[in-house]
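Please keep the sequence and the coordinates side by side while reading the paragraphs below.

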Amino acid sequence: MQLDREGFESLLRGKGLKVTAQRIAVLSVLSEKPDSHLTAEEIYDLVRVGSPDIGLATVYRTIQMLLELKIIDRIYLDDGYVRYELGNVYETEDSHHHHHLICVKCGRVMSFQGDLLEAFEMRMEEETGFQIQDHDVKLYGLCKDCQKKNV
């Protein structure tokens, strides 16, 4: 999801936050690379291009604050790194979950939208009384390029 500076400022103000250059820079980097699933260090390196004086600790604090407000999401792609992506900042009742397809050969990660588990979640809640708050789907296989190489 690509948002412009005005959109980010409105989003931060809507959450009761002060608009800072650091917050805008982190959100902009994540918005510009929606399928990159960046680590904190990668976010830091990209933010420094436009703001060379920013510190890594500031980026970490900004990431933590944005996570707590559910503006960005933390994801684990089983590669040993914690990664981040811009969340569904305009989440509504009709919003779809964001899931990942991971190629077991080249490591490519692709995102897909879908609500395929909603019926399953509702059934689990009805049968068990367990209230599901979230889920994370990662599907493993071969991307189109790796399939072509295997032929």
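Throughout this text, a residue is called buried when its relative accessible area is under 20%, exposed when that area is over 50%, and partly exposed in between, with a 1.4 Å probe and protein chains only taken into account. The model is a predicted one, in which local features need pLDDT of at least 70 and side-chain atom pairs count only at pLDDT 80 or more, whereas totals for chains, interfaces and linings use all residues. Residues are numbered from 1 along each chain as its sequence is written, and side-chain values use heavy atoms, with hydrogens and water left out.

The protein has six helices and five strands, where helices (H or I, at least four residues) and strands (E, at least two) are DSSP runs numbered from the N terminus. Followed along the sequence, these elements give the pattern α-α-α-α-β-β-β-β-α-β-α. The C-alpha trace spans about 45 × 45 × 25 Å along its principal axes, and buried residues account for 35% of the 151 residues. If contact is taken to mean heavy atoms within 4.5 Å, then among the contacts between residues at least 6 apart in sequence, 49% join residues at least 24 apart.

Two packed helices are described by the angle between their axes and the distance between the axes. Helix α2 (residues 21-32) and helix α4 (residues 56-68) have axes that come within 10 Å and cross at roughly 75 degrees. That angle makes α2 roughly perpendicular to α4, since angles of 65 to 115 degrees carry that description, while those under 35 count as roughly parallel, those over 145 as roughly antiparallel and the rest as oblique. The axes themselves are lines fitted to C-alpha atoms, for helices over the stretch in contact, and the angles run from 0 to 180 degrees between N-to-C directions. On the α2 side, Gln22, Arg23, Val26 and Leu27 take part, and they meet Thr58, Val59, Thr62, Ile63, Met65 and Leu66 of α4. Sorted by class, the contact comprises six nonpolar, three polar and one charged residues.

Leaving aside residues up to four places away in sequence, Ile43 touches Val26, Val29, Leu30, Leu38, Val59, Ile63 and Tyr84.

Two further residues can be located by their C-alpha separations. Phe8 lies in helix α1 and is buried, with a relative accessible area of 0%; its C-alpha atom is separated by 9.8 Å from that of Ala25, 17 residues apart along the chain. Ser36, in the loop between α2 and α3 (40-50), counts as partly exposed at 36% relative accessibility. Between Ser36 and Tyr84 there are 8.8 Å in space, C-alpha to C-alpha, although the two are 48 residues apart in sequence.

In one of them, the side chains of Glu42 and Arg83 meet at 3.6 Å, N to O, and the pair links distant parts of the chain, with Glu42 in helix α3 and Arg83 in strand β2, 41 residues apart. Glu42 is partly exposed, with a relative accessible area of 33%, whereas Arg83 is buried at 12%. Arg83 also meets Asp79 in a salt bridge (2.7 Å, N to O), and Asp79 is partly exposed at 34% relative accessibility.

Another salt bridge brings together the side chains of Asp78 and Lys138 (3.3 Å, N to O). This pair, too, links distant parts of the chain, Asp78 being in the loop between β1 (72-76) and β2 and Lys138 in strand β5 (residues 138-141), 60 residues apart. Asp78 is exposed, with a relative accessible area of 55%, while Lys138 counts as partly exposed at 21% relative accessibility.

Methods:
Ala, Val, Leu, Ile, Met, Phe, Trp, Tyr, Cys and Pro count as nonpolar, Asp, Glu, Lys and Arg as charged, and the others, Gly among them, as polar. A salt bridge is a side-chain nitrogen of Lys or Arg within 4 Å of a carboxyl oxygen of Asp or Glu.
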